[in-house]
Amino acid sequence: MPRRSQDNRELLRTMKCNSSSLSSSDLFVSTRPKKNPSNPFLKSCPPKQTKLLLSIRYSNQTHSSLLQSLAISATIRGLEENMRSVVRKVAVVGSGISGAVCASALARNGVAVTVFDSGRGPGGRMSQRREISEDGTELFFDHGAPFFTVNDNDVMGLVHEWEARGLVAEWKERFGSFDCISAKFDFEKVPVKGFSFKNSDVLSWAHCDSSKPGRPEMSECWVLHSTFEYAKGVISQTGLQKPSNATLTKVAEELFQEFRSSGLHIPDPFFVKAHRWGSAFPAAVIAAEQKCLWDEGKRLAICGDFCAGPNVEGAVLSGMRASVKLLEMFSCM
(Lines give C-alpha, C1' and ligand atoms only; values in the text may rest on other atoms or scores of the structure.)
Protein backbone atom coordinates (compact mmCIF):
# COMPACT_ATOMS: atom_id res chain seq x y z
CA MET A 1 0.00 0.00 0.00
CA PRO A 2 1.24 3.54 -0.64
CA ARG A 3 2.50 5.38 2.41
CA ARG A 4 2.65 9.09 3.08
CA SER A 5 5.81 8.73 5.16
CA GLN A 6 8.75 10.94 4.24
CA ASP A 7 10.85 7.87 3.34
CA ASN A 8 8.41 6.87 0.63
CA ARG A 9 7.53 10.37 -0.57
CA GLU A 10 10.15 10.29 -3.29
CA LEU A 11 8.99 7.23 -5.19
CA LEU A 12 10.71 5.35 -7.97
CA ARG A 13 9.84 6.90 -11.31
CA THR A 14 8.37 4.67 -13.95
CA MET A 15 10.84 3.51 -16.58
CA LYS A 16 8.48 3.61 -19.53
CA CYS A 17 6.02 6.36 -18.75
CA ASN A 18 8.77 8.90 -18.20
CA SER A 19 10.10 8.18 -21.68
CA SER A 20 9.98 10.95 -24.24
CA SER A 21 10.26 8.39 -27.04
CA LEU A 22 7.95 8.91 -29.98
CA SER A 23 7.83 5.24 -30.87
CA SER A 24 8.79 1.89 -29.43
CA SER A 25 8.63 -1.84 -29.98
CA ASP A 26 7.35 -4.30 -27.39
CA LEU A 27 7.82 -8.05 -27.18
CA PHE A 28 5.46 -10.25 -25.20
CA VAL A 29 7.04 -13.46 -23.89
CA SER A 30 5.36 -16.20 -21.88
CA THR A 31 7.05 -19.24 -20.35
CA ARG A 32 6.13 -22.04 -18.01
CA PRO A 33 8.57 -22.08 -15.07
CA LYS A 34 10.20 -25.33 -14.01
CA LYS A 35 8.91 -27.00 -10.86
CA ASN A 36 12.34 -27.05 -9.20
CA PRO A 37 14.24 -24.10 -10.67
CA SER A 38 17.95 -23.90 -10.02
CA ASN A 39 17.97 -20.27 -11.06
CA PRO A 40 20.27 -18.33 -8.73
CA PHE A 41 18.04 -15.28 -9.23
CA LEU A 42 15.32 -17.03 -7.25
CA LYS A 43 17.27 -16.97 -3.98
CA SER A 44 15.87 -14.58 -1.40
CA CYS A 45 17.77 -11.50 -0.30
CA PRO A 46 16.71 -8.38 1.65
CA PRO A 47 15.86 -5.47 -0.65
CA LYS A 48 18.43 -2.69 -0.94
CA GLN A 49 15.94 0.06 -1.76
CA THR A 50 12.36 0.87 -0.88
CA LYS A 51 10.24 1.11 -4.00
CA LEU A 52 6.53 1.59 -4.45
CA LEU A 53 5.05 0.38 -7.71
CA LEU A 54 1.32 0.38 -8.29
CA SER A 55 -0.22 -2.12 -10.65
CA ILE A 56 -3.67 -2.41 -12.17
CA ARG A 57 -5.27 -5.37 -10.40
CA TYR A 58 -6.21 -8.27 -12.69
CA SER A 59 -9.86 -9.19 -13.06
CA ASN A 60 -11.41 -12.21 -14.78
CA GLN A 61 -14.26 -10.01 -15.94
CA THR A 62 -12.28 -7.25 -17.67
CA HIS A 63 -8.89 -6.54 -19.14
CA SER A 64 -8.79 -2.93 -17.98
CA SER A 65 -10.70 -2.99 -14.70
CA LEU A 66 -9.55 0.39 -13.44
CA LEU A 67 -10.22 2.29 -16.65
CA GLN A 68 -13.51 0.52 -17.33
CA SER A 69 -14.64 1.08 -13.76
CA LEU A 70 -13.89 4.78 -13.97
CA ALA A 71 -15.30 5.31 -17.46
CA ILE A 72 -18.38 3.10 -17.14
CA SER A 73 -19.28 4.31 -13.66
CA ALA A 74 -18.93 7.88 -14.91
CA THR A 75 -21.30 7.14 -17.79
CA ILE A 76 -23.87 5.46 -15.54
CA ARG A 77 -23.75 8.29 -13.02
CA GLY A 78 -23.96 10.73 -15.87
CA LEU A 79 -27.07 9.05 -17.30
CA GLU A 80 -28.72 9.06 -13.89
CA GLU A 81 -27.95 12.73 -13.42
CA ASN A 82 -29.13 13.46 -16.96
CA MET A 83 -32.63 12.62 -15.82
CA ARG A 84 -32.43 15.44 -13.27
CA SER A 85 -30.67 18.13 -15.27
CA VAL A 86 -30.37 19.19 -18.89
CA VAL A 87 -27.78 21.89 -18.28
CA ARG A 88 -24.75 20.24 -16.69
CA LYS A 89 -23.64 17.99 -19.53
CA VAL A 90 -20.10 17.10 -20.60
CA ALA A 91 -18.79 14.91 -23.40
CA VAL A 92 -15.39 13.36 -22.69
CA VAL A 93 -13.51 12.26 -25.80
CA GLY A 94 -10.98 9.57 -24.99
CA SER A 95 -11.13 7.01 -22.18
CA GLY A 96 -7.45 6.84 -21.32
CA ILE A 97 -6.53 7.53 -17.72
CA SER A 98 -6.87 11.33 -18.10
CA GLY A 99 -10.32 11.15 -19.68
CA ALA A 100 -11.51 8.48 -17.27
CA VAL A 101 -10.36 10.41 -14.21
CA CYS A 102 -11.94 13.63 -15.49
CA ALA A 103 -15.23 11.88 -16.30
CA SER A 104 -15.36 10.15 -12.94
CA ALA A 105 -14.71 13.39 -11.02
CA LEU A 106 -17.42 15.21 -12.97
CA ALA A 107 -19.97 12.43 -12.50
CA ARG A 108 -19.32 12.36 -8.76
CA ASN A 109 -20.20 16.05 -8.69
CA GLY A 110 -23.54 15.61 -10.43
CA VAL A 111 -22.53 16.30 -14.03
CA ALA A 112 -24.06 14.19 -16.80
CA VAL A 113 -21.07 12.64 -18.57
CA THR A 114 -20.83 10.62 -21.76
CA VAL A 115 -17.46 9.06 -22.64
CA PHE A 116 -16.47 8.48 -26.28
CA ASP A 117 -13.51 6.40 -27.47
CA SER A 118 -12.43 5.03 -30.84
CA GLY A 119 -10.83 1.93 -29.32
CA ARG A 120 -12.40 -1.43 -28.60
CA GLY A 121 -12.35 -0.60 -24.90
CA PRO A 122 -11.12 1.98 -22.41
CA GLY A 123 -7.51 2.27 -21.33
CA GLY A 124 -5.44 3.97 -24.01
CA ARG A 125 -1.78 3.45 -23.14
CA MET A 126 -2.84 1.81 -19.88
CA SER A 127 -4.80 -0.90 -21.67
CA GLN A 128 -4.08 -4.59 -21.33
CA ARG A 129 -3.47 -7.02 -24.17
CA ARG A 130 -5.18 -10.41 -24.09
CA GLU A 131 -3.69 -13.24 -26.11
CA ILE A 132 -4.54 -16.92 -26.58
CA SER A 133 -1.65 -19.35 -27.10
CA GLU A 134 -1.82 -22.35 -29.43
CA ASP A 135 -2.76 -24.64 -26.56
CA GLY A 136 -5.61 -22.35 -25.51
CA THR A 137 -3.85 -20.68 -22.57
CA GLU A 138 -5.17 -17.18 -21.86
CA LEU A 139 -2.35 -14.65 -21.43
CA PHE A 140 -2.39 -11.02 -20.31
CA PHE A 141 0.23 -8.35 -20.99
CA ASP A 142 0.31 -4.72 -19.89
CA HIS A 143 1.72 -3.44 -23.15
CA GLY A 144 1.28 0.20 -22.16
CA ALA A 145 2.34 1.55 -18.80
CA PRO A 146 3.63 -1.40 -16.75
CA PHE A 147 3.13 0.42 -13.46
CA PHE A 148 2.91 3.92 -12.05
CA THR A 149 4.28 5.82 -9.06
CA VAL A 150 2.88 8.74 -7.11
CA ASN A 151 4.36 11.88 -5.53
CA ASP A 152 1.49 14.39 -5.70
CA ASN A 153 -0.72 14.43 -2.59
CA ASP A 154 -3.95 14.93 -4.55
CA VAL A 155 -3.17 11.97 -6.81
CA MET A 156 -2.14 9.95 -3.76
CA GLY A 157 -5.55 10.54 -2.21
CA LEU A 158 -7.25 9.29 -5.37
CA VAL A 159 -4.99 6.23 -5.47
CA HIS A 160 -5.97 5.42 -1.87
CA GLU A 161 -9.59 5.38 -3.03
CA TRP A 162 -8.68 3.00 -5.86
CA GLU A 163 -6.88 0.73 -3.41
CA ALA A 164 -9.89 0.62 -1.13
CA ARG A 165 -12.01 -0.46 -4.11
CA GLY A 166 -9.51 -3.15 -5.10
CA LEU A 167 -8.66 -1.51 -8.42
CA VAL A 168 -4.92 -1.10 -7.83
CA ALA A 169 -2.38 -2.75 -5.55
CA GLU A 170 1.25 -2.29 -4.63
CA TRP A 171 3.67 -4.28 -6.79
CA LYS A 172 6.06 -5.71 -4.21
CA GLU A 173 8.96 -6.97 -6.27
CA ARG A 174 12.67 -6.23 -6.61
CA PHE A 175 13.97 -4.21 -9.56
CA GLY A 176 17.36 -3.18 -10.88
CA SER A 177 19.39 -2.66 -14.06
CA PHE A 178 21.72 -4.63 -16.32
CA ASP A 179 24.82 -3.15 -17.97
CA CYS A 180 25.40 -4.72 -21.37
CA ILE A 181 29.07 -3.62 -21.45
CA SER A 182 30.10 -5.11 -18.11
CA ALA A 183 27.49 -7.88 -18.45
CA LYS A 184 26.56 -7.33 -14.82
CA PHE A 185 23.46 -6.43 -12.84
CA ASP A 186 23.57 -3.66 -10.26
CA PHE A 187 22.58 -6.14 -7.57
CA GLU A 188 23.76 -9.48 -6.31
CA LYS A 189 21.87 -12.64 -7.35
CA VAL A 190 18.43 -11.95 -5.87
CA PRO A 191 14.87 -12.49 -7.22
CA VAL A 192 14.28 -9.93 -9.97
CA LYS A 193 11.02 -9.18 -11.78
CA GLY A 194 12.00 -6.09 -13.71
CA PHE A 195 15.15 -4.31 -14.82
CA SER A 196 16.34 -1.60 -17.17
CA PHE A 197 19.15 -2.05 -19.69
CA LYS A 198 22.22 0.17 -19.80
CA ASN A 199 24.39 0.51 -22.91
CA SER A 200 22.02 -1.52 -25.05
CA ASP A 201 21.05 -0.53 -28.57
CA VAL A 202 18.08 -2.89 -28.50
CA LEU A 203 16.32 -3.03 -25.11
CA SER A 204 15.48 -0.32 -22.62
CA TRP A 205 13.73 -2.44 -19.98
CA ALA A 206 11.96 -5.72 -19.22
CA HIS A 207 9.39 -6.65 -16.60
CA CYS A 208 7.53 -9.78 -15.51
CA ASP A 209 3.83 -9.02 -15.87
CA SER A 210 2.72 -12.22 -14.17
CA SER A 211 4.44 -11.18 -10.92
CA LYS A 212 1.90 -8.39 -10.38
CA PRO A 213 -0.79 -8.66 -7.69
CA GLY A 214 -3.74 -10.81 -8.66
CA ARG A 215 -2.25 -12.08 -11.93
CA PRO A 216 -2.55 -15.75 -12.92
CA GLU A 217 0.50 -17.81 -11.94
CA MET A 218 0.07 -20.63 -14.45
CA SER A 219 2.71 -19.11 -16.73
CA GLU A 220 5.41 -16.45 -16.50
CA CYS A 221 4.76 -13.50 -18.80
CA TRP A 222 7.41 -10.89 -19.65
CA VAL A 223 7.14 -7.63 -21.60
CA LEU A 224 10.32 -6.38 -23.30
CA HIS A 225 10.49 -2.75 -24.39
CA SER A 226 12.91 -1.62 -27.09
CA THR A 227 14.99 1.54 -27.14
CA PHE A 228 13.84 4.51 -29.16
CA GLU A 229 16.86 4.11 -31.43
CA TYR A 230 16.01 0.51 -32.23
CA ALA A 231 12.37 1.35 -33.04
CA LYS A 232 13.50 4.30 -35.16
CA GLY A 233 15.75 1.95 -37.14
CA VAL A 234 12.87 -0.43 -37.81
CA ILE A 235 10.64 2.44 -38.96
CA SER A 236 13.37 3.75 -41.27
CA GLN A 237 13.35 0.38 -43.04
CA THR A 238 9.62 -0.34 -43.09
CA GLY A 239 8.00 3.08 -42.93
CA LEU A 240 4.98 3.90 -40.77
CA GLN A 241 2.69 1.30 -42.30
CA LYS A 242 1.79 -1.82 -40.38
CA PRO A 243 4.91 -4.04 -40.09
CA SER A 244 4.90 -7.31 -42.01
CA ASN A 245 4.91 -10.64 -40.20
CA ALA A 246 8.51 -11.17 -41.32
CA THR A 247 9.54 -7.84 -39.78
CA LEU A 248 7.74 -8.58 -36.51
CA THR A 249 9.35 -12.03 -36.34
CA LYS A 250 12.80 -10.50 -36.83
CA VAL A 251 12.10 -7.87 -34.17
CA ALA A 252 10.92 -10.55 -31.75
CA GLU A 253 14.07 -12.60 -32.27
CA GLU A 254 16.40 -9.63 -31.76
CA LEU A 255 14.65 -8.36 -28.63
CA PHE A 256 14.50 -11.80 -27.06
CA GLN A 257 18.16 -12.51 -27.88
CA GLU A 258 19.17 -9.27 -26.15
CA PHE A 259 17.00 -10.21 -23.16
CA ARG A 260 18.70 -13.58 -22.82
CA SER A 261 22.14 -11.98 -23.03
CA SER A 262 21.52 -10.75 -19.49
CA GLY A 263 22.02 -14.30 -18.27
CA LEU A 264 18.61 -14.45 -16.65
CA HIS A 265 17.64 -18.09 -17.05
CA ILE A 266 14.05 -18.64 -18.07
CA PRO A 267 12.50 -21.63 -19.85
CA ASP A 268 12.01 -21.52 -23.61
CA PRO A 269 8.87 -19.47 -24.32
CA PHE A 270 5.76 -21.08 -25.74
CA PHE A 271 4.38 -17.70 -26.85
CA VAL A 272 6.24 -14.73 -28.38
CA LYS A 273 4.71 -11.74 -30.16
CA ALA A 274 6.08 -8.35 -31.21
CA HIS A 275 4.04 -5.13 -31.15
CA ARG A 276 4.86 -1.60 -32.28
CA TRP A 277 3.56 1.57 -30.69
CA GLY A 278 3.12 4.55 -32.97
CA SER A 279 3.68 8.18 -32.05
CA ALA A 280 2.20 7.67 -28.62
CA PHE A 281 4.56 9.29 -26.15
CA PRO A 282 4.79 13.04 -25.49
CA ALA A 283 8.08 14.74 -26.31
CA ALA A 284 7.34 17.83 -24.20
CA VAL A 285 5.02 19.14 -21.48
CA ILE A 286 2.96 22.09 -22.69
CA ALA A 287 1.01 23.14 -19.56
CA ALA A 288 3.32 22.51 -16.64
CA GLU A 289 1.64 25.10 -14.38
CA GLN A 290 -2.04 24.73 -15.27
CA LYS A 291 -1.79 20.93 -15.86
CA CYS A 292 -4.43 21.20 -18.60
CA LEU A 293 -5.47 23.50 -21.46
CA TRP A 294 -8.63 25.53 -20.96
CA ASP A 295 -10.64 27.61 -23.44
CA GLU A 296 -13.36 29.40 -21.48
CA GLY A 297 -15.10 30.73 -24.58
CA LYS A 298 -15.49 27.28 -26.09
CA ARG A 299 -15.98 25.61 -22.71
CA LEU A 300 -13.26 23.20 -23.73
CA ALA A 301 -10.70 21.47 -21.51
CA ILE A 302 -7.84 19.42 -22.95
CA CYS A 303 -5.98 17.06 -20.65
CA GLY A 304 -3.34 14.36 -20.91
CA ASP A 305 0.19 13.49 -19.89
CA PHE A 306 1.48 15.95 -22.50
CA CYS A 307 -0.01 18.72 -20.32
CA ALA A 308 1.29 17.84 -16.85
CA GLY A 309 4.06 15.25 -17.14
CA PRO A 310 5.01 12.30 -19.36
CA ASN A 311 3.86 9.60 -16.94
CA VAL A 312 0.69 8.14 -15.47
CA GLU A 313 0.71 10.51 -12.49
CA GLY A 314 0.90 13.47 -14.87
CA ALA A 315 -2.03 12.12 -16.88
CA VAL A 316 -4.13 11.60 -13.72
CA LEU A 317 -3.30 15.06 -12.41
CA SER A 318 -4.19 16.63 -15.76
CA GLY A 319 -7.57 14.86 -15.78
CA MET A 320 -8.26 16.09 -12.25
CA ARG A 321 -7.40 19.69 -13.16
CA ALA A 322 -9.61 19.55 -16.26
CA SER A 323 -12.56 18.43 -14.13
CA VAL A 324 -11.93 21.33 -11.73
CA LYS A 325 -12.03 23.83 -14.62
CA LEU A 326 -15.33 22.43 -15.85
CA LEU A 327 -16.88 22.38 -12.40
CA GLU A 328 -15.81 25.98 -11.83
CA MET A 329 -17.51 26.91 -15.10
CA PHE A 330 -20.74 25.22 -14.02
CA SER A 331 -20.65 26.96 -10.63
CA CYS A 332 -20.71 30.34 -12.39
CA MET A 333 -23.67 29.51 -14.61
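Let me start with confidence. The model is predicted. Mean pLDDT for the chain comes to 79, with 74% of the residues at 70 or more. Residues 1–23 have a pLDDT below 50, and in the model this stretch makes 79 contacts beyond near neighbours in sequence.

Next, helix α4, residues 153–164. I will take its two packing partners in turn.

The partner I begin with is α3, residues 97–108. The axes of α3 and α4 are 14 Å apart, and the angle between the helices is about 85 degrees. Angles from 65 to 115 degrees count as roughly perpendicular, so α3 and α4 fall under that heading. On the α3 side the contact uses Ile-97, Val-101 and Arg-108; on the α4 side, Leu-158, Glu-161 and Trp-162. By residue class, that contact has four nonpolar members, two charged and no polar.

The other partner is α8, residues 312–331. Here the axes of α4 and α8 lie 10 Å apart, at an angle of about 95 degrees. By that criterion α4 and α8 are therefore roughly perpendicular as well. From α4 the contact takes Asp-154, Val-155, Leu-158 and Trp-162. From α8 it takes Glu-313, Val-316, Leu-317 and Met-320. The count for the contact of α4 with α8 is six nonpolar, two charged and no polar. Note that Leu-158 and Trp-162 are listed in the contact with α3 and also in the contact with α8.

Trp-162 comes up again among the aromatics. How many aromatic pairs does a search of the whole structure find? The number is 14. One of them joins Phe-148 to Trp-162, edge-to-face, with 6.5 Å centre to centre and 80 degrees between the planes.

Strands β5, residues 129–132, and β6, residues 138–141, run antiparallel and are joined by four bridges. Ile-132 is placed opposite Glu-138 of β6. Five residues lie between the strands of this hairpin, and Gly-136 has a positive phi near 90 degrees.

Most residues other than glycine have a negative phi. Ala-183 has a positive value, near 55 degrees, and belongs to the loop between β8 (175–179) and β9 (184–185). Asn-199 also has a positive phi, near 60 degrees. Asn-199 is in the loop between β10 (194–198) and β11 (203–208).

That is the end of my list.

Methods: Residues numbered from 1 in each chain as written. Predicted model: local features only at pLDDT ≥ 70, side-chain atom pairs only at ≥ 80, totals over all residues. Heavy atoms only, no water. pLDDT = per-residue confidence, 0-100. Contact = heavy atoms within 4.5 Å. Axes fitted to C-alpha atoms, helices over the stretch in contact; angles between N-to-C directions. Helix = DSSP H or I, 4+ residues; strand = E, 2+ residues; numbered from the N terminus. Parallel < 35°, antiparallel > 145°, perpendicular 65-115°, else oblique. Nonpolar A, V, L, I, M, F, W, Y, C, P; charged D, E, K, R; others polar. Pairing = 2+ DSSP bridges. Phe/Tyr/Trp six-rings, centres within 6.5 Å; stacked < 30°, edge-to-face > 60°.
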